[in-house]
Amino acid sequence: MSKKLGFRKALETKVKKSQVAAKKKAISIFTAMSVVHVDEEEPGYGEVRHVEKVLPKGDFYIGEWCDGLPHGSGKYLWTDGCMYVGEWFKGKIMGKGKFCWPSGATYEGEFKSGFMDGQGTFTGFSGDSYKGSWIMNLKHGQGIKNYYNGDYYEGEWRSGYQEGQGKYQWHNGNHYDGQWRNGLMNGYGTMVWSNGNSYEGSWEDGFPKGNGTFRWPDGSSYVGVWCKDGKEMNGTYNPSDSSTENPDWDPRMVFLEYLTDCKICPGERMSILPSKKMPHWPGMSKSNDGRQRRMSDGKLNCRSWSSDMHDVSTTSEGDFKDGDDGIESLCLEDSVSRGSCVQFKMSRRRQGQTISKGHKNYELMLNLQLGIRHSVGRPGPAISLDLKSSAFDPKEKVWTKFPPEGSKHTPPHQSSEFKWKDYCPLVFRTLRKLFDVDAADYMISICGNDALRELSSPGKSGSFFYLTNDDRYMIKTIKKAEVKVLIRMLPAYYDHVRSFENTLVTKFYGLHCVKLTGTAQKKVRFVIMGNLLCTHYTIHRRFDLKGSSHGRTTSKPESEIDQSTTLKDLDLNYIFRLEKMWFEEFCRQVDKDCELLEQERIMDYSLLIGFHFREVPTPLNSEAVTPTGNEDHENEEAPRLSQTGKDHADSEPSGRSSIRLGINMPARIEKTIRKTDETQLVGEPTGVCYDVILFFGIIDILQDYDITKKLEHAYKSMQYDPTSISAVDPKQYSKRFRDFIFKVFVEDT
């Protein structure tokens with residue numbers, strides 16, 4: 001222990017000295033240097049020249065320059081000792097380059113918009129090194145990591161952690177070869193100790209769990225079921241031919257002693273991410289002709305900047321806050337038939353109307369919050385993921401009466417008397433545990449002091465939607481028929497989400513009913529779901545896609561379309577390019593999810609897609625419409641890693657989640673354009689691509705193919721092409737949906 005402490009102190013001393021030296025070197029460079037005067041004559045548009053520029057805060061740039069921005073090869077020196085040498089594209093660190101930290105750590109490889117993204121090698125000051133694939137500053141894909149303590153890992157990574165197949169070699173000679181998840185041994189794998197002992201079998205969270213075999217060098221073995229809880233362990237000792245008697249050996253020794261020297265090294269942290277050092281160049285908000293850009297109404301954009309170099313500010317850690325002020329308006333080339341330009345007006349107003357006192361649904365909201373608080377706060381048995389069939393029984397429901405004066409089990413309240421019903425409460429309680437929803441957080445989100453928000457208009461089905469103040473949960477009123485569908489499919493749904501943690505189907509957290517007493521006797525049934533588009537990123541564009549064409553265009557006039565507008569199939573003018581590993585997982589999961597829905601006779605579902613531009617789109621050809629607004633939106637950092645203490649990239653603001661299928665996914669989108677055929681669902685690629693953060697999932701999964709839908713299909717088939725309408729047999733719907741989605745999503749080559 002003392003050796004490790006001494007080693008860490010020596011490293012800290014070393015890095016402090018190197019930082020001081022780097023700063024002294026930078027100061028000496030900057031004080032001795034002055035601006036190199038170039039020709040007074042302004043260069044023509046598109047002309048590349050070599051410049052040396054000292055920036056107002058003391059930073060220094062030397063390299064190729066075009067239209068008021070670094071473009072080509074160049075070197076940037078920060079006053080704190082950081083340095084980047086490599087390729088630039090219109091003011092962005094883009095392409096191949098090398099970033100050096102004052103400590104002596106380096107990253108050499110590919111960059112995208114300032115992020116370490118692509119193939120690259122990180123070498124730390126302590127001796128850490130990683131060579132492999134990166135996405136948005138995170139190790140992601142195949143890679144090799146050498147740790148400062150002598151450990152070694154080679155295999156698959158995801159979101160900065162070992163995940164997939166990989167081999168870890170400890171400096172003491174022990175090694176593990178098998179499956180990983182979130183930086184821990186998880187799945188099937190083999191551990192071999194330096195003394196020749198080995199364990200082969202199932203693992204969970206870094207420890208043997210499930211069936212496995214422990215072997216000794218002499219050939220004897222212990223075969224059984226493993227678990228950290230000794231009470232659940234059982235097995236059989238099998239002696240070798242040379243063994244004479246059973247050894248005095250307790251299998252719990254594997255947990256208590258053998259694995260204590262097999263901890264995963266946390267690795268070295270980066271002092272600051274290269275993307276946080278991205279300079280903000282005023283010239284980036286100028287159009288191709290160098291003049292101030294005009295918005296669609298002809299007025300000058302108030303965010304336009306002068307090209308005076310004295311306006312340059314270099315961002316530092318903590319300077320940026322994501323929100324609607326990143327872009328005032330975003331005008332994108334649009335190939336839908338209604339017009340060539342859709343303008344997104346970025347408003348600070350949150351979506352929906354707050355349900356305050358006097359609102360027609362204020363009392364219903366109070367009833368809902370009282371009921372949720374009662375349901376979630378009610379004591380219950382210890383949760384086991386293995387539920388009995390009786391928990392799914394449609395008759396498994398609990399009624400609770402809420403008189404205004406209160407009762408033995410309910411508090412007094414200011415609302416009228418009502419009854420509260422919980423459907424299959426144990427199942428939904430277990431689902432919340434399965435989805436890692438903390439009961440206290442869940443109650444605070446829905447029942448806290450903040451009111452719910454009602455979306456401005458009901459959906460096509462007549463259902464109303466409510467959002468919690470933190471946007472995490474969506475509450476939807478549903479019909480009795482939809483309640484029956486959800487309860488009917490609940491066993492299959494539960495097995496499905498338990499088997500596929502990356503499922504794209506809607507996450508359900510509760511199913512309830514409020515029955516008002518008195519003459520009205522009104523019943524309001526509602527389901528609580530996860531909000532797919534709950535994110536700190538601004539969602540610039542959203543689409544609801546079914547794979548049908550009849551009526552699949554937004555009904556809003558062009559002037560009313562904004563960032564909250566949900567566009568449809570015939571409005572789609574992009575294809576989505578996913579990295580190979582993500583694309584393969586996406587295809588597998590869509591197939592599995594559609595199999596579930598087809599099996600349960602569900603149709604009319606859709607894929608909801610929302611995306612955030614990692615930088616304001618810049619036209620890649622002369623005919624593209626130039627977006628208006630300040631182009632400094634490359635201010636978001638990589639999504640935060642789960643806090644397990646392994647390979648932290650940097651400290652991140654709270655509330656950011658890790659990358660998962662359909663959540664916070666980095667991807668590229670490519671513009672498409674339709675030909676003369678207005679019913680063409682997928683347009684032709686244009687070659688114009690943007691880096692985005694993607695969110696997507698399958699929603700509206702409670703529509704049964706009942707007699708009403710069969711009649712709708714028969715009626716519309718006489719008027720329109722049967723393949724173009726939404727109401728079709730679930731098997732046909734599933735095939736059409738998948739065929740369409742697999743054209744919209746492609747592998748990024």
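**Helices, cores and salt bridges**

Mentor: This is a predicted model, and a place to begin is helix α4 (residues 425–434), whose buried residues are Val427, Phe428, Thr430, Leu431 and Arg432.

Trainee: What covers the buried residues of α4?

Mentor: The covering elements include α3 (362–377), β24 (418–423), α5 (439–447), α6 (480–499) and β28 (508–516); α4 is followed by aspartate 436, which has a positive phi, near 60°.

Trainee: Switching to the cores, which residues have the most contacts inside the largest nonpolar one?

Mentor: That core has 111 residues, and those with the most contacts inside it are Phe576, Phe586, Phe611, Leu694, Phe696, Ile701 and Phe745. Apart from it lies another core of 53 residues, which has Trp170, Tyr176, Met185 and Tyr199 among its members.

Trainee: And what does phenylalanine 586 touch?

Mentor: Leaving aside residues up to four places away in sequence, phenylalanine 586 touches Leu504, Leu578, Leu661, Phe696, Ile741, Phe742 and Phe745.

Trainee: Which salt bridge does arginine 738 make with aspartate 591, in terms of N to O distance?

Mentor: Their side chains meet at 3.3 Å, N to O, and because aspartate 591 lies in helix α7 and arginine 738 in helix α9, the pair ties together parts that are 147 residues apart in sequence.

Trainee: Is arginine 738 buried or exposed?

Mentor: Arginine 738 is buried, with a relative accessible area of 16%, whereas aspartate 591 is partly exposed, at 26%. Asp591, Glu598 and Arg738 are linked in a network of salt bridges.

Methods
Residues numbered from 1 in each chain as written. Predicted model: local features only at pLDDT ≥ 70, side-chain atom pairs only at ≥ 80, totals over all residues. Heavy atoms only, no water. Core = buried A, V, L, I, M, F, W, Y, C linked by side-chain atoms within 4.5 Å. Buried < 20%, exposed > 50% of the residue type's maximum accessible area, 1.4 Å probe, protein only. Contact = heavy atoms within 4.5 Å. Helix = DSSP H or I, 4+ residues; strand = E, 2+ residues; numbered from the N terminus. Salt bridge = Lys/Arg side-chain N within 4 Å of Asp/Glu carboxyl O.
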